[in-house]
Structures are given as C-alpha cells and as structure tokens.
Amino acid sequence: MNQNQFDLTIFSVATDRYVKFWSEMVESYLKTNGSEIKVQWIVFTDKADLISPELLTKLGESLLISEIPHQKWPFPTLLRYRFLLTV
C-alpha cells in the first residue's frame, strides 16, 4: 500500500465489541463524504472476522487491519501509539 496516495489516515483501536462501532463509523463516513478525499483506514482489532465482507470490499486497499490481542480497559487506548508504531 502506497501511503502517499492518501490525503488522510484514520487509525482506531477496536477490540472486542468495539469493532462493531468502528464499522458503523466507517459506514457513516462513506455515506456522508463519499470520495471527496482519499482516506486510509487502519484498525487494530482482535475481531477482524466481524468486519463485513461488503465493508472490506468497499474499502479495498485503503484498509489495513492489524491483529492485536484484547486487553482490559484502559490498556488498548493507552497503547494506541505503540500499536501505530508497528505499522
């Protein structure tokens, strides 16, 4: 994935049930903003299998999924920048 082709990168930590909220956020963005800017999506999750095939197809190469283990709150949010450094 050539990172220079994107105008904006949005990264999220979405473990356990929060992957559902992440998917809803992305769908909402796609409905309201369409293709005005080229967004790269990075999601750190332990539930990649819960991301719908339709959403995976829509995002295509603009989506990077990084598998991380689920940890109790607040560790996922405290470690978000460490996760980002692994990309």
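**Notebook: helix 1 and the cores**

I began with helix 1: 16 residues, reaching 22 Å from first C-alpha to last, close to the 22 Å expected at 1.5 Å a residue (expected span is 1.5 Å times one less than the number of residues). Helices here are DSSP runs of H or I with at least four residues, strands are E runs of at least two, and both are numbered from the N terminus.

Before going on, I noted that this is a predicted model, where local features need pLDDT of at least 70 and side-chain atom pairs count only at pLDDT 80 or more, while totals for chains, interfaces and linings use all residues. Residues are numbered from 1 along each chain as its sequence is written, and side-chain values use heavy atoms, with hydrogens and water left out.

Next I looked up burial along helix 1. Val-19, Trp-22, Ser-23, Val-26, Glu-27 and Tyr-29 are its buried residues (buried is under 20% relative accessible area, exposed over 50%, partly exposed in between, with a 1.4 Å probe and protein chains only). Seen down the helix axis they fall within an arc of 160 degrees, so they line one face of helix 1; the arc is that of the directions from the axis to the C-beta atoms. Lys-20, Lys-31 and Thr-32 are exposed on the other side.

What covers the buried residues of helix 1? I found that the cover includes strand 1 (8-13), strand 2, helix 2 and strand 3 (63-67).

Then I turned to the cores (sets of buried Ala, Val, Leu, Ile, Met, Phe, Trp, Tyr and Cys joined through side-chain atoms within 4.5 Å). The largest nonpolar core has 12 residues, among them Trp-22, Tyr-29, Trp-41 and Leu-63. Helix 1 (18-33), strand 2 (39-45) and helix 2 (53-59) each supply at least two residues of this core, and helix 1 gives the largest share, 4 residues. A second, separate core of 5 residues includes Phe-44, Ile-68, Leu-79 and Phe-83.

I also checked Val-19: leaving out residues up to four places away in sequence, it touches Ala-14, Thr-45, Lys-47, Leu-50 and Ile-51 (contact is heavy atoms within 4.5 Å).

Last, the whole chain. I count 4 helices and 3 strands, running β-α-β-α-β-α-α from the N terminus. Of the 87 residues, 32% count as buried. Among contacts between residues at least 6 apart in sequence, 66% join residues at least 24 apart. Along its principal axes the C-alpha trace spans about 35 × 25 × 20 Å.
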